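Biologist: I'd like to learn how to read the helix packing in a model like this one. Can you take me through it feature by feature?

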Amino acid sequence: MDILIWIVVFVATFLGMEFMAWFTHKYIMHGFLWVLHKDHHLKDHKSWWERNDLFFVFYAVVSMYFFMVAEFQFAVAIGAGIAGYGLAYFLVHDIFIHQRFKLFRKANHWYAKGIRRAHKIHHKHLGKEDSECFGMLIPPKRFLKNNK
């Protein structure tokens, strides 16, 4: 029974991270920490590293905290859920969408197309205002409808 609870905590944390990513992206990255996020939208640099990557580092540190320091029963499951979401985010956002590594270039699944379209709409606006589609793994339904 314990393993089932660990799995539920992991999955709940993973799914909760989609909300955290949306909230952080909309209200923090496009808010008071725009100074760290704007290089991701403007591409006014030649470096592979972006200041925006500090958000990924922040969540990696939070995940490591749950693995290494937190001393309660499901801390490791929470840390693993955060790390799992971080891996999914990296694969979808950095590799699949932005092609920081040239992989998954020919993915034409309806879900993949929906994620790409939603992210393209998000990047349509170069400033911090007027953006939409702040989540990563759950795009608005309108981007999934005509992709099947």
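**Reading the helices**

Modeller: Over residues 74–96 the chain is 96% helix and 0% strand, with 31 Å between the end C-alpha atoms. Helices here are DSSP runs of H or I with at least four residues, strands are E runs of at least two, and both are numbered from the N terminus. Before we go on: this is a predicted model, where local features need pLDDT of at least 70 and side-chain atom pairs count only at pLDDT 80 or more, while totals for chains, interfaces and linings use all residues. Residues are numbered from 1 along each chain as its sequence is written, and side-chain values use heavy atoms, leaving out hydrogens and water.

Biologist: Which residues does the UniProt annotation "transmembrane region" cover?

Modeller: UniProt positions are given in the numbering used here, with shortened feature names, and annotations may be inferred rather than shown by experiment. In this case the unreviewed entry marks residues 6–28, 49–68 and 74–96. In the model, residues 49–68 are 80% helix and 0% strand, and their end C-alpha atoms sit 27 Å apart.

Biologist: At what angle do helix 3 and helix 4 pack?

Modeller: Axes are lines fitted to C-alpha atoms, for helices over the stretch in contact, and angles run from 0 to 180 degrees between N-to-C directions. Under 35 degrees counts as roughly parallel, over 145 as roughly antiparallel, 65 to 115 as roughly perpendicular, and the rest as oblique. Helix 3 (residues 53–68) and helix 4 (residues 75–97) come out at about 155°, with axes 7 Å apart, so they are roughly antiparallel. Contact means heavy atoms within 4.5 Å. On the helix 3 side, the contact residues include Phe56, Tyr59 and Phe66, and on the helix 4 side they include Gly79, Ala83 and Phe90. By class, this contact has twelve nonpolar, three polar and no charged residues. Nonpolar here is Ala, Val, Leu, Ile, Met, Phe, Trp, Tyr, Cys and Pro; charged is Asp, Glu, Lys and Arg; the others, Gly among them, are polar.

Biologist: Let's zoom in on alanine 83. Which residues does it contact, leaving aside neighbours within four places in sequence?

Modeller: Those are Ser63 and Phe67. Alanine 83 is partly exposed, because its relative accessible area is 34%; buried means under 20%, exposed over 50%, partly exposed in between (1.4 Å probe, protein chains only). Its C-alpha atom is 8.3 Å from that of methionine 64, 19 residues away along the chain.

Biologist: And how is helix 4 set against helix 5?

Modeller: They pack at about 75°, with axes 12 Å apart, which means they are roughly perpendicular. Val92, His93, Phe96 and Ile97 of helix 4 meet Ala112, Ile115, Arg116 and His119 of helix 5. That gives five nonpolar, two polar and one charged residues.

Biologist: Which residues of helix 2 are buried?

Modeller: In helix 2 (residues 34–42) they are Trp34, His37, Asp39, His40 and His41. Their cover includes helix 1 (2–32), helix 3, helix 4 and helix 5 (110–124). Lysine 38, also in helix 2, is partly exposed at 30%.

Biologist: Where should I look for positive phi values?

Modeller: Most residues other than glycine have a negative phi. Here, lysine 43 follows helix 2 with a positive phi near 50°. Cysteine 133, in the segment after helix 5, has a positive phi near 60°, and it counts as buried at 12% relative accessibility.
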